Amino acid sequence: MLLVEMDTQQSLFKNRSFLFLWGSSMCSALSLSTYLFVEQWYVIHTLNQASYLGFILMATLLPRIFLMLFGGVLSDRYKRSTIMRISSALRISFILCLLALLHTDQLTLLTILGFALLFGSVDAFFSPANASLLPTLVPKEQLTKANSLIQTSNQIALFSGPILGGVILSHSSYSYVFLVIFGTLCLTLLFTYGIRESKIKRARQHSALFELKEGLHYVFHFQQLKQTLFLVICVNFFFFGPLLLGIPLLVHDVLQGDAMDLSYMQGAYQMGMLGGALWSGFTQKKENGLTSSVRLIGALGLLLFLLSQVQQISLYLIVLLSLGVLSSIINIRFITFIQSQCAEQTMGRVMSVVNAASNGLVPLSYALLSFLLSFHVSITTIMLYCGLLIIVLSLYFRKRMIQVKN
């Protein structure tokens, strides 16, 4: 068994296209995490507009969700590495514009909102191409390990981004952070030139709208996928919105901390996701994805509830680390299941539908949270009730699964 695993790993590491895809994904994740960190801290600390943070994050996600469906169609029609290349080049140009606005003192809340829309729109085409490219580069039996390697490196990058941004801001200025983001995006672009896709005939006999409907029909007639999607949609609304928006607010309102405290807390969550990715890659335990995910989702709700009750940074770090582990395990199981079941010709559309559906309510979550914050409802109160709702949802779905089996 050990020899077989070693051979599999060796063949995977000798796969040139996979290695370039791996490097491109990691650099893209590092640039994204650093950008999101500096964006959040600039809005909260420099502009002193914490109540608008939810709308900024919503502006990043809304175009991503609506355009991602068409991004999936393009991924099934054209070379996915080319789509990733164009997306990276556009993001490089955006960062250069941000630097120019920063040096002319015109980086206002409105301009940040505009660039949030642009980044979300471009990522709507990068993500489906990136996610659907992996199954074409590695054999099906290596998908779990390949996903684990990419997710592990991505979590290292996501963990490093906030810490890197916090260190630079503590000793320098926003300009140097944007230059780091510029450099990582340049590496993302360079790595895409090393990916060699297999030549696959992509029929274009129908319109993009017809192919989009075809992808939606496939997903919503896949019974197990449809049930899982509904659960994930609900959980994303009550979990990721309060968590991602809540971390900087906990630092600012509860701890009254600085940029380094924010980087530590965001880094703890990303480090937990790294641990979850490593665990998924090195364990061979096979469980029913939906059954195990429901149990883990219940644990997510419990930990979110606990996050609302603690007030010390050491306890925050422990809870966030645990939340990251569970989030990563659920994510890898779900992605691997979809990639192993779908035909290559529909992979782009299916992955885009999955991503859009699972994240579709997150912008509404941000908007609702900003609305509640404007009425002086504390972030800890919001987290408390959202955690309880997630626990109730997991118990409900668990009961339904038992009834179906009987």
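I started with D105, which sits in the loop between α4 (80-103) and α5 (109-137). I am working from a predicted model. D105 is not a glycine, yet I found a positive phi of about 60° there. Is D105 buried or exposed? D105 has 71% relative accessibility, so D105 counts as exposed, the cut-off being over 50%.

Next I looked up H376. H376 lies in the loop between α15 (362-374) and α16 (379-405). Its phi is near 65°, a positive value, and H376 is a residue other than glycine. I read a relative accessible area of 75% for H376, so H376 is exposed.

Then I turned to a helix pair. I noted that two packed helices are described by the angle between their axes and the distance between the axes. I took helix α2 (residues 16-46) and helix α3 (residues 53-77). Their axes come within 10 Å and cross at roughly 150°. Angles over 145 degrees count as roughly antiparallel, and α2 and α3 are therefore roughly antiparallel to each other. I logged the crossing of α2 past α3 as right-handed. Which residues make the contact? From α2 I listed E39, Q40, V43 and I44, and from α3 I listed L53, I56, L57 and T60. Sorted by class, this contact of α2 with α3 has five nonpolar residues, two polar and one charged.

Last, I checked the whole protein. I found 16 helices and zero strands. The protein has 406 residues, and 55% of them count as buried. Its accessible surface comes to about 18,100 Å², with 67% belonging to carbon and sulfur atoms. I also looked at contacts between residues at least 6 apart in sequence: 86% of these join residues at least 24 apart.

Terms used: Residues numbered from 1 in each chain as written. Predicted model: local features only at pLDDT ≥ 70, side-chain atom pairs only at ≥ 80, totals over all residues. Heavy atoms only, no water. Helix = DSSP H or I, 4+ residues; strand = E, 2+ residues; numbered from the N terminus. Buried < 20%, exposed > 50% of the residue type's maximum accessible area, 1.4 Å probe, protein only. Contact = heavy atoms within 4.5 Å. Areas by Shrake-Rupley, 256 points an atom, 1.4 Å probe, with all protein chains shown as cover. Axes fitted to C-alpha atoms, helices over the stretch in contact; angles between N-to-C directions. Parallel < 35°, antiparallel > 145°, perpendicular 65-115°, else oblique. Left-handed = near helix turned anticlockwise from the far one by under 90°. Nonpolar A, V, L, I, M, F, W, Y, C, P; charged D, E, K, R; others polar.
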